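Notebook open. I want contacts, helix packing and the chain interface from this entry.

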Amino acid sequence: MTRQEVLDLYFMDARSKLIDLAAFFDRVERASGESDFRLAALEQALALLHSDQPQKAKAVLLSLSDPTTEPIAKAPGKGACGAWPGAQPAA
Amino acid sequence: MRYIEPHGHMVSRTTDDYEAMVTAGCAAVCEPAFWAGFDRSGVEGFHDYFCQLTDYEPKRAARFGLPHFCWLCINPKESEDVALAEDVLGIIPKFLDRPNVLGIGEIGLNKNTRNEMQILERHVDLAATHGQLILVHTPHLEDKLKGTRLILDVLKADSRIDPGRVIIDHCEEHTIERVLDAGFWAGITLYPESKTTPARAVDMYELYGQSNIWLNSACDWGRSDPLSVPKTALEMRRRGHSAATIDRLIFQNPARFMGQNPRFQLREGA
Ligand SMILES: [Zn+2]
């Protein structure tokens with residue numbers, strides 16, 4: 001596909017998702033109380049979109065992933081939350 | 001249009017879903033054993049589930065002329081209980097002769113624990129011992145990268161395992177290359193929020209090779225869409241892919257993988 005064709009097919013969808021994301025950050029800011037590592041993880045991943053490197057989707061997924069390699073001793077539960085707690089930057 | 005749903009948890013779906021799938025061109029549905037959304041209290045629950053997958057569900061599908069196949073295992077979410085998992089592993093062999101069983105699946109990891117790894121290895125051994133195809137579930141979200149690496153290590157460590165007879169499912173942009181590069185088949189799951197959208201699935205198909213990939217909906221009791229494979233075919237049409245290319249991805253590829261088991265037979269003319 002040409003860039004024009006990609007824009008014709010996907011621009012409105014991307015625009016809508018971008019505004020949703022902006023509204024989400026506004027909503028978080030307006031809310032009271034503490035946030036947690038998930039917000040920091042999302043902000044870090046967002047910065048990757050400014051890169052001029054290809055494969056941004058892959059980079060975002062990697063940044064939200066547990067990078068460790070050893071199996072853990074016991075399951076903390078069954079679910080996953082979408083970000084890795086260990087990724088939070090030192091305060 | 002014709003397609004195969006290679007990963008659908010039909011026990012969780014309504015009869016209306018069967019009708020909609022067949023209307024959309026579904027030529028076969030394949031159902032891996034999975035977590036019911038709650039932990040079963042014992043091996044008897046799995047016995048009943050395997051009876052449902054090998055007896056009742058194929059009859060329900062047959063009312064719409066739809067061939068139904070299945071895969072058997074204890075899923076990784078319940079594999080943390082090693083004693084229960086060993087009991088379930090003990091009853092699987094007596095179901096392997098049932099005519100709609102394609103192999104062992106969906107095995108894999110959930111939270112990447114030592115117990116899950118132990119039971120994954122036991123399933124791989126079971127599959128190798130009985131010459132079965134393997135369908136692998138990779139973990140969700142932040143656990144997927146690590147889980148995919150660990151699963152590939154386990155599979156590559158067993159010299160009896162032919163990667164061409166194993167599909168690693170729920171691949172995303174950060175895992176699909178390493179799966180394909182290691183010679184395994186890669187599954188892409190179309191699932192709201194936690195997996196991929198049709199547009200991303202087509203991106204991956206275009207980017208990462210087009211031979212050993214299948215698409216599936218993994219429709220189950222969660223928010224999911226049993227028609228997401230044909231909807232992705234529409235996405236491909238919008239991008240200008242030919243009918244032949246679409247047919248290769250959504251029909252011929254899954255038929256080629258599952259056809260490695262001679263039990264995988266479609267209706268004449270499908
Ligand atoms: Zn599944």
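Which residues does B:K146 touch, not counting residues up to four places away in sequence? I find A:D66, A:T68, A:T69, A:E70, A:P71, A:I72 and B:N112, with contact meaning heavy atoms within 4.5 Å.

Ground rules next. I am working on a predicted model, where local features need pLDDT of at least 70, side-chain atom pairs count only at pLDDT 80 or more, and totals for chains, interfaces and linings use all residues. Residues are numbered from 1 along each chain as its sequence is written, chains are lettered from A and ligands numbered from 1 in the order written, and side-chain values use heavy atoms, without hydrogens and water.

I placed B:K146 in helix α5 (residues 144-157) of chain B; helices are DSSP runs of H or I, at least four residues, numbered from the N terminus. B:K146 counts as buried because its relative accessibility is 2% (buried is under 20%, 1.4 Å probe, protein chains only).

I then looked up the interface. Chain A gives 29 residues to the contact and chain B gives 28 residues. The two chains bury about 2400 Å² between them, 57% of it on carbon and sulfur atoms; this is accessible area (1.4 Å probe) lost on being put together, summed over both. I count three salt bridges across the interface of chain A and chain B (a side-chain nitrogen of Lys or Arg within 4 Å of a carboxyl oxygen of Asp or Glu). A:K58 and B:E177 meet in a salt bridge at 2.8 Å, N to O.

Notes:
Helix = DSSP H or I, 4+ residues; strand = E, 2+ residues; numbered from the N terminus. Buried < 20%, exposed > 50% of the residue type's maximum accessible area, 1.4 Å probe, protein only.
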